[in-house]
Amino acid sequence: MAQLRALGDEQRQQEAMHGDGRDQDGGDSNKKARAGLCGVLRERKVVELARAKRRLVEVPYTATLAHAANALLAGRVSAVTVAAPPGHWIGAGGSMIVESDPATGAARKHYIGMVNMLDILTHIAEAGHDDDDASAVEDGGGEQPVVDLDRRMSVPVSSVIGHSLEGLTLWTLHPNTSMLDCMETFSKGVHRALVPLESSAENVVAVELVESAPVYRMVTQMDVVRFLRAHGAELGGVLSRTVRDLGAASEAVLAVASRTKVIEAVRTMRAASLTAVPVVDAPVDAHILQDGRGKKVVETFSATDLRDCPVAQLRSWLGTTVTEFKKKVAEYRRDGSKPLDAVTGAQATDDGGDTNTAVDAAGSGDEEKLTQPREMVTCSFESTLGEVIEKAAASHVHRLWVVDDEGMLRGVVSLTDVLRVVREAALGEDREMQHIVVLE
């Protein structure tokens with residue numbers, strides 16, 4: 001592989017998003033204009049995004065779950081890769097993703113899966129009804145069953161791979177995969193994939209379960225959304241269409257009340273395979289999760305919030321309400337949280353977004369931003385897709401709650417929805433252009 005130039009982070013991100021600025025005789029720009037949205041997304045490759053990313057945050061398969069949780073907190077990431085010696089494991093979903101020695105080609109590391117906060121939450125929640133793993137603690141509002149966290153968090157991280165739906169399979173994208181094909185994968189619920197900077201595989205342009213390469217980077221839904229944001233001028237009219245017109249919002253939204261206990265929210269989120277829920281101003285429902293439509297949304301409770309809770313405090317904080325928990329996490333972030341970028345320079349796997357609040361969650365090290373009040377990031381059915389993309393990318397959030405003029409919850413737009421509708425619009429435009437060519 002040709003040696004990459006040493007670039008600063010900002011410069012690398014700009015080159016990945018905008019290209020290197022070279023235009024041979026103006027031909028490339030004209031071709032893109034003629035090709036339309038679909039042509040742009042087919043021409044650009046996922047390796048462009050991968051080259052701008054830094055090294056993975058990973059943990060060894062022997063690490064405890066507490067170690068993995070601390071890595072998530074320190075790195076301000078929502079998932080870490082799990083590495084093991086080659087030849088001894090079957091990867092998640094049967095994957096065989098191996099890091100090889102760049103000089104000899106010999107396998108030196110096998111990525112057997114990823115562990116995200118939902119995996120950890122699921123593991124904690126499974127203990128909730130087990131007398132051997134639960135005890136009663138006083139939280140000021142009566143006795144609440146709380147998990148024996150020392151025991152639960154001492155298990156090897158390899159034992160919890162696949163506890164969440166996303167963790168059941170570890171995906172890799174060939175570096176020559178087009179943005180359009182990458183968007184197809186990410187529009188089906190895959191949030192992140194490993195991308196080798198060079199690959200021995202031939203003629204592969206989609207997700208794979210087998211790969212061997214010297215270096216991998218993680219490309220996420222947010223990376224693609226930022227690419228769309230940077231290339232807005234090339235995307236045509238799709239960005240000016242509304243959320244309602246594109247069918248980008250889901251109107252089915254499950255929420256929790258602001259006074260719901262954290263441990264109960266965790267259990268119900270695990271059962272419903274949710275990584276985030278809106279918090280609404282409403283009485284606590286007997287089933288914990290409730291229909292959020294028509295209720296005042298006040299904040300978001302997410303897996304990322306639990307990632308931001310130090311392991312030493314998790315035991316006592318699980319018995320608090322979600323609102324109290326959010327306040328405690330905000331205080332911790334303000335008083336002592338240090339992003340991994342400031343310590344090791346390791347790459348965030350998914351930009352840490354999921355809190356639906358307008359703060360820098362990408363590990364920028366900007367202490368001032370951590371002390372600023374958090375604001376909900378929302379949209380309406382009449383918001384344009386361009387506005388949604390701008391808000392999501394600027395605020396580092398993975399979903400926007402759809403609200404009406406009174407702030408009542410009406411739906412949700414996720415990054416999965418954004419990538420789905422952009423891809424559908426691109427393919428629809430391409431079919432129309434081909435039809436016109438045939439008629440001519």
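Guide: Contact here means heavy atoms within 4.5 Å. This is a predicted model, in which local features need pLDDT of at least 70 and side-chain atom pairs count only at pLDDT 80 or more, while totals for chains, interfaces and linings use all residues. Residues are numbered from 1 along each chain as its sequence is written, and side-chain values use heavy atoms, with hydrogens and water left out.

The position to begin with is valine 279, which lies in strand 13 (residues 276-280); strands (E, at least two residues) and helices (H or I, at least four) are DSSP runs numbered from the N terminus. Valine 279 has a relative accessibility of 0% and therefore counts as buried, a term that means under 20% relative accessible area, with exposed meaning over 50% and partly exposed lying in between (1.4 Å probe, protein chains only). Once neighbours within four places in sequence are set aside, the contacts of valine 279 include Val256, Ala257 and Ser258, the run Lys296, Val297, Val298, Glu299, Thr300 and Phe301, and also Val322. Glycine 292 is 13 residues away from valine 279 along the chain, and their C-alpha atoms are separated by 8.4 Å.

For the protein as a whole, buried residues make up 52% of the 440 residues, and among contacts between residues at least 6 apart in sequence, 72% join residues at least 24 apart.

The fold has 16 helices and 18 strands, and some of the helices can be taken in pairs. Two packed helices are described by the angle between their axes and the distance between the axes. The axes of helix 8 (residues 221-230) and helix 15 (residues 385-395) come within 9 Å and cross at roughly 125°, where axes are lines fitted to C-alpha atoms over the stretch in contact and angles run from 0 to 180 degrees between N-to-C directions. Helix 8 is therefore oblique to helix 15, since angles under 35 degrees count as roughly parallel, over 145 as roughly antiparallel, 65 to 115 as roughly perpendicular and the rest as oblique. Their crossing is left-handed, a label used if the near helix is turned anticlockwise from the far one by less than a right angle, with clockwise giving right-handed. From helix 8, Met222, Val225, Arg226, Leu228 and Arg229 meet Ile389, Glu390, Ala392, Ala393 and Ala394 of helix 15.

Helix 8 has 8 of its 10 residues buried, so it is largely enclosed by the rest of the structure; among the buried ones are Met222, Val225, Arg226 and Leu228. In helix 15, the buried residues include Ile389, Ala392 and Ala393, and the helix is followed by histidine 396, whose phi is positive, near 60°.

A second pair consists of helix 4 (residues 65-75) and helix 5 (residues 117-126), whose axes come within 11 Å and cross at roughly 140°. These two helices are therefore also oblique to each other, and helix 4 passes helix 5 in a left-handed crossing. Here Leu65, Ala69 and Leu72 of helix 4 meet Met117, Ile120 and His123 of helix 5.
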